[in-house]
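The entries follow in the order in which I looked.

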Amino acid sequence: MDLLTFKLILVLALFLLSLTIAAYSTWAERKVAAIMQDRIGPNRSGPFGLLQPLADGGKFFFKEDFTPQNAEKFLFVLGPALVMFISLITGAVIPWGRTLNIGGESFDLQVANIDVGVLFIIGMASIGVYGIMIGGWASNNKYSLLGAIRASSQMISYELAMGLALLSIIMMTGSLDLKVITETQTSGKIWGLFEIDGLNWNILYQPLAFLIFFVAALAETNRHPFDLPECESELVTGYSTEYSSMKLGLYMFGEYVNMFISNAFMVVLFFGGYNYPGIEWVTQNWGENAAGILSIVAFLTKTVVGILIFMWIRWTLPRFRYDQLMHLGWKTLIPLALVNLMITGAVILAFGN
Amino acid sequence: MKLTNRSKVVSNKEMTLAEKIYLPAIFKGMGITFKHAVRTVIKGAPAVYSYPEVQKPRADIWRGQHVLKRDEEGRERCTACGLCAVACPAEAITMTASERTREEKDLYREEKYASVYEINMLRCIFCGMCEEACPKSAIYLTDRLVDVETNRGSFIYGKDKLVEKINERIDITERQSEKQKNAVK
């Protein structure tokens, strides 16, 4: 099998995977909410309501697709498409697993191994806000515009903290390449004390950076408690007020794909990517393919756990007030991230890696 | 002025460090939701009835759709005195009185009966004043729900829907007071 064929298969698989996980996130979200509120949740369509995403999708397609008369038609359509496009494209640089050996040839489970993967994801995430901004502006509705402004200001504020938190990881690894970042977490002594292969995860070294990154990721994906762009009570769902049918569906779907990708990103940065305890041992004893498949499973498990934690937080915490959000971002997270960066720098200088 | 003993003194004291960094409170909250989740998964959802299959049990004295009762011999009790219509605050009840003939003696208990008896279910507020007012223990509210209709006209219930069927009597003893039970005999 030549490289191009493999990559094409991988792209298709990733596309389907992102869509499936996003679709089932909507199901899981409702199920998680239900069990936390002593309810049952969707259970009518299929066993355990597992066909619910299909039913929702059907509903989205067959509802009336309404465009307000004074809306900017082109941008109105562009908004949701952009959100969906951006969130799908970011999956390309994430290393989803180690390697697979097909016909004597090793293939990386990464669509595009670019040197600046971290920057690519951060950049794409900030373009994602354009989708919301354009949608909110093109709707020609005050509430939508307010929601869009909130979204953009929130994202810009939290991107700073996010980037600063990331910098400490990048300083430790010395690379912007996601593959390299993952590989540095494969082996090495944990805190220089004892060695378990595949468990040298960055969260053990950078818990504070992780916390900051986690909060910022919640805000970036517009998840609770930072989902100010779409607050029903104040802004009648904010930027998506005028959207109906599948356009609204794309917005919501894009949000879930976003959540999936940002959790995958977080796994790569802090939870050792596709590494799992004993990965080297498995490679030596069971062969490359077994280790590769297990690494995919490990990666996806970590990501799904992350998604579930996002949901858990959503159904626990109430929404932040706008000024509190800004205070938290600018006055707490950014200084904290800077301090963390300084400490990291000092430690690296003192101990030399 | 103090109206109740429940008023709280508001304080503007500085938050402690633990309160300021939010995290302990957040973890506490997440613990609570997690406890609920685990309990729901293990024991099943406590607060839920699977509605169409399982109906939520209603109180015996729930005030639902009306019934016009028959007596032990199957005769209609209503004597069309109109007290229920007078008592009705929503003016939902209308009736026309007629005199019974000799042949109808086994149909109606009193000399006078309601040839038309209508309740507009859209107006009715299910207050139960009609059953309070009725001297003949003829009208009662039951624990049944009024059916869903698609047009307004169907909500005007005539005797065909209100009078209980001779072979499916509706038991309303639960909601009768001692006085009413004695009065019937």
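I first looked up the secondary structure of chain A, which comes to twelve helices and two strands, where helices (H or I, at least four residues) and strands (E, at least two) are DSSP runs numbered from the N terminus. From the N terminus on, I read the order of elements as α-α-α-β-β-α-α-α-α-α-α-α-α-α.

I note that this is a predicted model, in which local features need pLDDT of at least 70 and side-chain atom pairs count only at pLDDT 80 or more, while totals for chains, interfaces and linings use all residues. Residues are numbered from 1 along each chain as its sequence is written, chains are lettered from A and ligands numbered from 1 in the order in which they are written, and side-chain values use heavy atoms, with hydrogens and water left out.

For the dimensions, I found that the C-alpha atoms of chain A fill a box of roughly 60 × 50 × 45 Å along the principal axes.

I then searched the whole structure for cavities (sets of points on a 1 Å grid over the protein atoms alone where a 1.4 Å probe fits but cannot get out), and three of 30 Å³ or more turned up. The largest cavity has a volume of about 310 Å³, and of the 23 residues that line it, Ala125(A), Met155(A), Glu220(A), Thr221(A) and Asn258(A) are the closest to its centre; lining residues have an atom within 4 Å of a point. To this lining α4(A) gives the most, with seven residues.

Conventions:
1 Å grid on protein atoms, 1.4 Å probe; cavity = no way out; pocket = protein on both sides within 12 Å on 5 of 7 lines; lining within 4 Å. Points joined across faces, edges and corners; volume = space filled by probe spheres on them.
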